[in-house]
Amino acid sequence: MKKFLVLCAILLLGFSAAGPARAALSVDVTQGNPQPLPIAIPDFLPGTPADAQVGTNIASVVRADLERSGLFKPLDPRGFVEHITNINTVPNFQSWRTITAQGLVTGQVTMQPDGRLRVDFRLWDVYGASQMLGLQYFTQAENWRRVAHMVSDAIYERITGEKGYFDTRIVFVAESGPALKRVKRLAIMDEDGANPIFLTNGSYMVLTPRFNPTAQMIAYMSYIGGKPRVYLFDIETGRQERLGDFPNMTFSPRFSPDGNRVALSLETNGNSDVYIMDLRNRAMQRLTTDPGIDTAPSFSPDGRQIAFESDRGGSQQIYVMNVDGSNQHRISFGGGNNGTPVWSPRGDLLAFTKQHGNNFDIGVMRPDGSGERMITSGYHDEGPTWAPNGRVLMFTREMPGQRGSQIWSVDVTGRNERRVLTPGNASDPAWSPLIQ
Amino acid sequence: MSSNPSQTSARAVPWRRAEPTTAHGPRFGIVGSLVFHALVVAAALFSFRNFHTPQETHMVPVDLVTLADTTNVAAQAPPAPPKPEPEKIDIPTPQLEPPPEPQLAEVAPAPDAKMPEFDVAKEKPKPEPKPEPKPEPEKPKLTRKQQQQQDFAALLNKLTAQPKRPANAKAGPRVIQGIGAGTAMTADLADVLQSQIYRCWSPPVGAPDADDLIVDYDLRLNPDGSVASLALLPGSARAASGNSYTRAAAEAASRAVYQCAPYRLPADRYSLWRDVNPLHFDPRQLMQQ
């Protein structure tokens with residue numbers, strides 16, 4: 001009996017002791033202040049005095065990459081308090097806190113005896129006083145710019161949790177000459193506008209270039225010989241070939257995610273429909289049959305569905321179908337005319353061009369048509385293309401009173417709209433996957 | 001709970017050996033049972049008294065109503081860029097090991113594309129990254145920010161001043177129970193703390209699934225408002241899943257906590273804000289904006 005009462009007393013004490021133990025303050029933070037992350041990126045240290053310039057160049061490209069993303073604020077190196085002299089020692093974090101840096105990148109470049117460039121870098125969490133990342137690359141010396149982009153991608157991924165997109169290229173249509181005699185050439189450049197190269201000579205018009213999944217092949221429409229047809233262009237060899245032999249116009253090509261097929265439009269007697277060509281045997285499969293204009297096909301990243309535009313219902317709208325042509329259904333009901341759907345590599349959204357009145361804007365919606373929102377509001381924005389991480393878009397912009405078009409980029413949130421530098425006017429950008 | 005083992009011994013549980021009924025048996029059973037039940041009920045009332053706490057009962061005493069209102073408004077206003085005061089931060093620096101050797105990653109050289117260069121354009125000189133203005137951590141830039149800071153200073157003065165009942169204060173129509181620690185008042189503290197943290201919080205809002213970004217921390221504070229320790233709670237969202245978005249979200253929250261420290265909270269109520277648990281970060285509302 002006594003034991004029992006003692007047990008009860010212990011139980012009671014236990015319960016009552018539990019009360020004060022729960023007395024912690026509970027705080028919910030639901031509002032935030034999205035700001036670019038202040039990050040310090042000193043020039044990379046030279047392994048030998050001869051490496052100083054490339055160390056400066058790499059840090060400069062990394063700073064520019066991260067700043068362009070809108071998610072980082074590289075700090076001015078002139079304000080740095082600590083002078084990094086050795087990347088293998090722990091930095092003095094307090095000195096970086098005093099200049100408000102939250103991230104710190106230290107790096108070193110060293111030319112190897114075999115002529116290769118070795119690039120080491122570390123990403124430090126200034127407030128957490130710990131290393132977040134440490135990587136080393138070897139490359140040919142002339143590839144320093146690519147390595148810089150890879151460093152940027154690694155930092156971007158470590159901080160944001162999503163893949164970067166700096167080590168990518170853009171294929172686009174470079175435009176020059178007067179409006180009535182406009183020369184349109186196929187051109188390619190790095191994502192930051194560096195290394196622009198013309199791929200065609202301008203003797204024939206080119207439109208709608210699209211990368212294949214390995215970024216080695218481009219499908220585009222060309223007016224070679226005055227006949228508008230879809231061509232394939234091999235970037236490595238410069239070789240191009242016409243895709244199929246059809247009496248009528250083929251246009252609006254786009255690769256499947258596995259790269260084995262191309263969806264395109266074929267026009268017959270004024271009616272265009274969506275087809276898929278298998279590149280392995282060149283067999284064509286017709287997917288749409290209605291008398292309206294069906295075009296601008298774009299595969300879902302799993303390759304099972306295709307979004308396209310059609311005026312079958314009386315106005316240009318976006319439709320989705322299975323890859324065998326079944327279950328064709330309209331998804332755009334947000335008003336205006338809607339076209340050029342492009343499936344996000346992440347699969348969660350479709351980007352498109354909306355025409356309302358005289359304006360053309362870029363918007364996104366979910367693949368079922370819900371959640372439509374406009375992310376640009378220009379005079380004439382059209383033809384979106386996704387960064388491989390599904391986070392950023394580029395598009396063609398024309399502005400009133402300005403001759404020629406430009407390429408612009410914008411975050412999928414609608415923030416960080418900025419012009420992409422191109423040599424001269426440019427249109428129809430297509431973003432490559434991450435370079436393998 | 002069966003009251004008397006002798007009643008059930010042979011019939012209901014035939015495989016159990018029947019216990020003889022002793023002279024003490026029944027008395028002990030009834031008394032023991034009564035005592036035990038009484039204790040359990042008492043313990044339950046004592047421990048789970050907050051079950052009866054109405055949902056809307058944030059204890060907001062009359063002289064603190066203004067404070068709660070003000071902080072709520074500030075939290076919903078467009079946030080101004082935070083200006084950390086790094087020279088005041090006193091974060092215990094962990095003992096650091098020498099940095100690990102960098103991982104090796106051999107990079108294949110870029111494909112040396114042979115391209116027909118009909119007219120190779122000169123690369124435009126890239127604009128040098130614009131030099132950022134030298135950070136001036138202590139100098140607020142925005143009038144709005146100054147206003148907010150002044151508001152805060154006023155609030156904090158009010159908080160740290162000896163609580164004094166305003167002349168026009170009167171008792172509310174009903175008794176409102178406190179939440180949080182015992183009989184103390186904590187709703188205003190939660191307001192003050194969250195309104196100081198959110199300014200530094202920049203979650204990775206580009207994630208496809210907002211649920212990946214919800215994280216909980218256990219924050220221990222020093223009496224001067226600096227961070228004594230910060231630990232991610234194990235049950236926090238999908239923190240354990242290795243999701244890169246969740247890791248980024250957890251780190252963004254951690255940076256916010258350190259960056260905005262030290263926190264200005266009433267020193268005389270330190271026992272109420274010494275342990276903040278859970279410090280809950282949820283950006284879903286932010287991502288819908």
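Visitor: How many of the seven residues of strand E25 of chain A are buried?

Guide: Six of the seven, so strand E25 (residues 359-365) of chain A is largely enclosed by the rest of the structure. Buried means 20 or more other C-beta atoms within 10 Å of the residue's own, exposed means 12 or fewer, and partly exposed is in between, with C-beta atoms placed from the backbone. Strands (E, at least two residues) and helices (H or I, at least four) are DSSP runs, numbered from the N terminus.

Visitor: What kind of model is this, and how is it numbered?

Guide: This is a predicted model, where local features need pLDDT of at least 70, side-chain atom pairs count only at pLDDT 80 or more, and totals for chains, interfaces and linings use all residues. Residues are numbered from 1 along each chain as its sequence is written, while chains are lettered from A and ligands numbered from 1 in the order in which they are written.

Visitor: Back to E25(A). Which way does E25(A) run against E24(A), parallel or antiparallel?

Guide: Antiparallel, with seven bridges joining E25(A) to strand E24 (residues 350-356) of chain A. Strands pair if DSSP finds at least two bridges between them. Thr353(A) has Ile362(A) as its bridge partner. Lys354(A) stands opposite Asp361(A).

Visitor: What sits between E24(A) and E25(A)?

Guide: Two residues, in a hairpin. Gly357(A) is in the turn and has a positive phi of about 65 degrees.

Visitor: Which other strand is joined to E25(A)?

Guide: Strand E26 (residues 373-374) of chain A, by two bridges and in the antiparallel sense. There, Arg373(A) is the bridge partner of Val364(A).

Visitor: And how many of the seven residues of E24(A) are buried?

Guide: Five, so E24(A) too is largely enclosed by the rest of the structure. E24(A) also pairs with strand E23 (residues 337-343) of chain A, antiparallel, over five bridges. In that pairing, Val342(A) stands opposite Ala351(A).

Visitor: How many residues lie between the strands in the hairpin of E23(A) and E24(A)?

Guide: Six. Gly347(A) in this hairpin takes a positive phi near 85 degrees.

Visitor: New topic. What is the order of the open sheet of four strands in chain A?

Guide: E19-E20-E21-E22, with antiparallel pairing. Strand E19 (294-299) and strand E22 (329-330) are the edges, since each pairs on one side only. Four bridges join E19(A) to strand E20 (residues 305-310) of chain A. Ser298(A) has Ala307(A) as its bridge partner in E20(A).

Visitor: Where is Asn327(A)?

Guide: Asn327(A) is in the loop between strand E21 (317-322) and E22 of chain A.

Visitor: Is Asn327(A) buried or exposed?

Guide: Exposed, because Asn327(A) has 10 other C-beta atoms within 10 Å. Leaving aside neighbours within four places in sequence, Asn327(A) is in contact with Met321(A) and Asn322(A). Contact means C-beta atoms, placed from the backbone, within 7 Å.

Visitor: How far apart are Asn327(A) and Leu243(A) in space?

Guide: They are 27 Å apart, C-alpha to C-alpha. In sequence, 84 residues separate Asn327(A) and Leu243(A).

Visitor: Now helices. At what angle do H2(A) and H4(A) cross?

Guide: Roughly 45 degrees, and the axes of helix H2 (residues 52-69) and helix H4 (residues 144-160) of chain A come within 9 Å. That makes H2(A) oblique to H4(A). Axes are lines fitted to C-alpha atoms, for helices over the stretch in contact, and angles run from 0 to 180 degrees between N-to-C directions. Under 35 degrees is roughly parallel, over 145 roughly antiparallel, 65 to 115 roughly perpendicular, and the rest oblique.

Visitor: Which residues meet there?

Guide: Among them are Val54(A), Ile58(A) and Leu66(A) in H2(A), and Trp144(A), Val151(A) and Tyr156(A) in H4(A).

Visitor: How big is the box that the C-alpha atoms of chain A fill?

Guide: Roughly 95 × 75 × 45 Å, along the principal axes. Chain A comes to four helices and 31 strands. Of its 436 residues, 49% count as buried.

Visitor: What about the secondary structure of chain B?

Guide: Chain B has eight helices and four strands. Its elements run α-α-α-β-α-α-β-β-α-α-β-α from the N terminus on. Buried residues make up 25% of its 289 residues.

Methods. Two residues are in contact if their C-beta atoms, placed from the backbone, lie within 7 Å.
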